Amino acid sequence: MNVPAAGGKKRGSLSQGLEALLSGLILEGRLRGGEQLPTESVLMLEHGVSRTVVREAMSRLQAAGMVETRHGIGTFVRGSTLSLGAFIDPATLGIITDSLAIMEFRIGLEVEAAGLAALRRSPDQLAGLRALLDQLGQPAVSVNDRAALDFQFHLSIAQATGNHYIASTLLNLGVVIIPRSRLDCARLFHDEPAHYEQRMQSEHEQIYQAIFNQDAECACAAMRLHLHDSREYLHQARQELLI
């Protein structure tokens with residue numbers, strides 16, 4: 001992916017474009033902590049920009065705390081000792097804000113849905129929920145597949161209510177209702193990935209057990225706790241970025 005060159009663009013916009021590209025690669029994990037960035041000459045050739053543009057972009061990344069220059073060696077991505085805010089761009093902040101709004105909506109919808117599902121679920125629907133949980137518990141499942149399974153679990157609960165309005169609402173919203181489909185939640189929430197997955201699995205298990213026992217009150221409480229905790233973590237992450 002090249003930063004657009006020339007075309008009447010000012011040097012400042014070119015350096016900002018290159019900075020945005022490189023910071024995006026770091027945010028996505030395609031450039032990892034300790035990894036060396038391409039040399040000035042390589043960046044100039046790949047992106048069709050001048051040495052001055054490259055140096056300005058690097059200065060911006062250094063000021064943001066994302067890279068460090070080792071004289072006589074090169075420029076390297078800094079490790080994970082930086083504050084979270086140094087790694088978050090406005091687009092990510094927007095996704096967090098949107099995820100918060102979705103979570104508030106879900107609390108209003110899915111808490112009652114869990115109670116209805118506990119009372120109305122069929123044996124086949126219960127077996128389907130169990131199968132989804134078992135798949136979610138497999139450590140080899142990819143991040144994208146895990147988000148999809150997470151969505152299917154919540155959608156299956158909605159379908160078990162027997163109310164097509166509840167189920168169709170979640171279906172129309174799609175997998176974006178799951179924060180980890182768009183965000184690195186473990187990192188945002190200052191948690192180890194394995195511990196984060198264990199916590200998610202435990203909360204899902206509590207919801208399932210209440211539905212299994214046909215305990216509507218406990219199902220509502222378990223779903224409320226699950227969604228409320230996610231909302232609080234998202235809110236805390238957003239507040240940290242706004243400081």
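Strands β1 and β2 form a hairpin with three residues between them, and Gly72 in the turn has a positive phi of about 85 degrees. The model is predicted. The protein chain as a whole holds ten helices and two strands, and β2 also contributes to the lining of the second largest pocket.

**The hairpin**
- Strand β1 covers residues 67–70 and strand β2 covers residues 74–77.
- The two strands pair in the antiparallel sense, over four bridges.
- Glu68 has Phe76, in β2, as its bridge partner.

**The second largest pocket**
- The volume of the second largest pocket is about 180 Å³.
- Its lining consists of 15 residues, of which Pro38, Glu40, Met58, Gly74 and Thr75 are the closest to the centre.
- Two or more lining residues come from each of α2 (40–47), α3 (51–63) and β2.
- Helix α3 gives the largest share of this lining, with five residues.
- Sorted by class, the lining comprises six nonpolar, seven polar and two charged residues.

**Overall architecture**
- Along the sequence, the elements of the protein chain follow the pattern α-α-α-β-β-α-α-α-α-α-α-α.
- Of the 243 residues in the protein chain, 42% are buried.
- Among contacts in the protein chain with a separation of 6 or more, 68% join residues 24 or more positions apart.
- The protein chain exposes about 12700 Å², and 54% of this area is supplied by carbon and sulfur atoms.

Note on methods
Residues numbered from 1 in each chain as written. Predicted model: local features only at pLDDT ≥ 70, side-chain atom pairs only at ≥ 80, totals over all residues. Heavy atoms only, no water. Buried < 20%, exposed > 50% of the residue type's maximum accessible area, 1.4 Å probe, protein only. Contact = heavy atoms within 4.5 Å. Areas by Shrake-Rupley, 256 points an atom, 1.4 Å probe, with all protein chains shown as cover. Pairing = 2+ DSSP bridges. 1 Å grid on protein atoms, 1.4 Å probe; cavity = no way out; pocket = protein on both sides within 12 Å on 5 of 7 lines; lining within 4 Å. Points joined across faces, edges and corners; volume = space filled by probe spheres on them. Nonpolar A, V, L, I, M, F, W, Y, C, P; charged D, E, K, R; others polar.
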